[in-house]
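Open the model in your viewer and keep the sequence panel beside it. The tour goes from one selection to the next.

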Amino acid sequence: MWEIKKKFITDANIKAFNPEHRKTINFNISRYNESVEEGMLQFKNSELAKTRAAFLKHKVINELEKYLIEFELNFTKNGGKIIWAQDATEAVREILQIADKHQAKKIVKAKSMTTEEIEINTAFEKEGIDSIETDLGEYIVQIAGEKPYHIVTPVMHKSKEDIAELFNKQFDLDANSTPEDITSFVRKRLRKEFTSADIGITGSNFLIADTGSVALTENEGNGMMSVSFPKIHIVVAGIEKLIPSVTDLELFWPLLASYGTGQRVTVYNSIISGPKKENETDGPKEMYIVLLNNKRTELLKKERQRIALSCIRCGACLNACPVYRNIGGHTYNTVYTGPIGSVISPYMNGMTDYHHLSFASSLCGKCTEICPVKIPLHKLLLVNRNDWVKEGSVPGIEKKTMWGMKKVMLKRKYMNMGSYGIRNYALKKILSKTWGPRRDLPQLARKSFNQQWKENNN
Ligand code: SF4
């Protein structure tokens with residue numbers, strides 16, 4: 001438990017004082033902020049749009065079993081096959097079985113955080129199966145041997161110069177290559193992969209209950225290619241991805257585009273309803289959806305935190321968060337980062353190892369303010385902290401400190417004990433380690449509020 005927390009604190013310290021990291025992130029987020037302002041202009045009443053979206057998603061989460069059954073029924077009618085996976089191990093085992101059945105040697109993958117969650121690429125690698133990321137950002141992260149930095153923009157931590165340097169090292173491209181040069185190089189390389197892949201794997205932005213379809217949103221067309229060329233299409237999606245009806249996309253697509261990237265609508269939006277039909281020329285012969293639980297039901301059991309399952313993974317709360325912007329995505333050491341990651345990761349990855357994430361917040365509330373589905377993120381962080389205390393997992397020294405503080409604070413005579421100098425000295429002694437070396441501990445006032453009150457009212 002302490003190793004993970006210790007690593008988090010060490011990495012956070014390194015990142016927060018790295019001027020290059022700060023410069024790149026501030027630049028990329030400032031461009032995002034400008035685009036979002038532009039994208040939001042499409043809503044006459046954005047508050048109403050958010051309220052409607054929140055209502056629909058909260059309704060789905062509260063009646064999840066009903067919508068899951070409806071989705072399964074309709075998707076199966078469309079000719080697709082549903083695989084229920086209780087955890088990452090089950091999901092990986094099922095996917096490998098499909099790959100084995102079709103003797104797959106090459107997989108093309110569109111961006112999907114759910115496949116990151118089950119670490120499918122590592123499993124393919126062990127089996128000697130070539131798995132190629134086809135989203136440009138994910139492709140860059142893959143060749144750099146890193147994990148995605150951000151749930152929407154996986155390569156946000158790299159400048160265009162960093163990427164040119166990476167391609168120079170990996171593929172001997174000119175060290176001064178422009179983003180256009182690099183994109184064109186990757187496009188040519190990937191074309192061959194799409195047409196020769198045995199299986200295409202994608203995530204799903206939304207699972208549509210009333211039509212049994214998958215809604216996929218992307219900007220590069222790589223998702224559509226991953227679905228169209230290979231004979232087999234596998235979707236990996238969390239059970240919370242449902243929306244009630246295909247007509248709800250009218251609301252969710254623009255909302256996701258505006259909050260995710262600042263676009264009015266994302267470039268490619270596909271609705272995929274099962275494998276290729278008899279009268280169709282393109283599409284896979286078989287389509288599977290792996291519906292992943294992986295502790296989502298643990299979160300569902302929590303009356304107050306279950307609302308976090310409404311998240312549409314737009315990434316807006318990450319960009320708004322002062323902590324995320326300073327410590328960066330990799331420091332969290334989890335798939336889902338930023339405020340939403342800090343709320344859900346302690347349940348998905350274990351409270352004992354990841355409780356500290358719920359404390360990694362200034363509680364400024366900017367995340368709650370920005371969230372398009374109105375998840376009260378900063379309040380949920382407090383609920384998580386409360387759970388951590390109620391579970392009795394707080395270390396002995398912290399418990400004793402709190403007990404002592406309570407004793408002192410409840411008795412006026414203890415609060416007034418000692419001179420001004422002694423009180424400040426004692427405070428410094430007790431708190432200096434926790435307070436850290438980079439900021440000054442505030443001084444206690446010469447006179448307590450209680451003393452000032454008495455003086456002023458006599
Ligand atoms: S919690 Fe809200 S703001 Fe954050 S990623 Fe999810 S939907 Fe977007």
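A polar contact here is a pair of N or O atoms within 3.5 Å; within protein, one must be able to donate a hydrogen and the other to accept it, and residues adjacent in sequence count only if both atoms are side-chain atoms. This is a predicted model, in which local features need pLDDT of at least 70 and side-chain atom pairs count only at pLDDT 80 or more, while totals for chains, interfaces and linings use all residues. Residues are numbered from 1 along each chain as its sequence is written, and side-chain values use heavy atoms, with hydrogens and water left out.

Start with the domains, whose bounds come from an automatic or database domain assignment. Colour domain 1 (1-42 + 307-394), domain 2 (43-294) and domain 3 (398-453) separately. Between the C-alpha centres of domain 1 and domain 3 there are 30 Å.

Next, select Q305. The loop that holds Q305 runs between α13 (296-301) and α14 (316-320); helices (H or I, at least four residues) are DSSP runs, numbered from the N terminus. Q305 has a relative accessible area of 2% and is therefore buried (under 20% relative accessible area, 1.4 Å probe, protein chains only).

Now show the side chains around Q305. The side chain of Q305 makes a polar contact of 2.8 Å with that of Y347 and another of 3.0 Å with that of D387. Beyond neighbours within four places in sequence, the residues in contact with Q305 (heavy atoms within 4.5 Å) include L299, L380, V383 and N384.

C311 is buried at 10% relative accessibility, and C371 is buried at 7%.

Conventions:
Helices (H or I, at least four residues) and strands (E, at least two) are DSSP runs, numbered from the N terminus. Buried means under 20% relative accessible area, exposed over 50%, partly exposed in between (1.4 Å probe, protein chains only).
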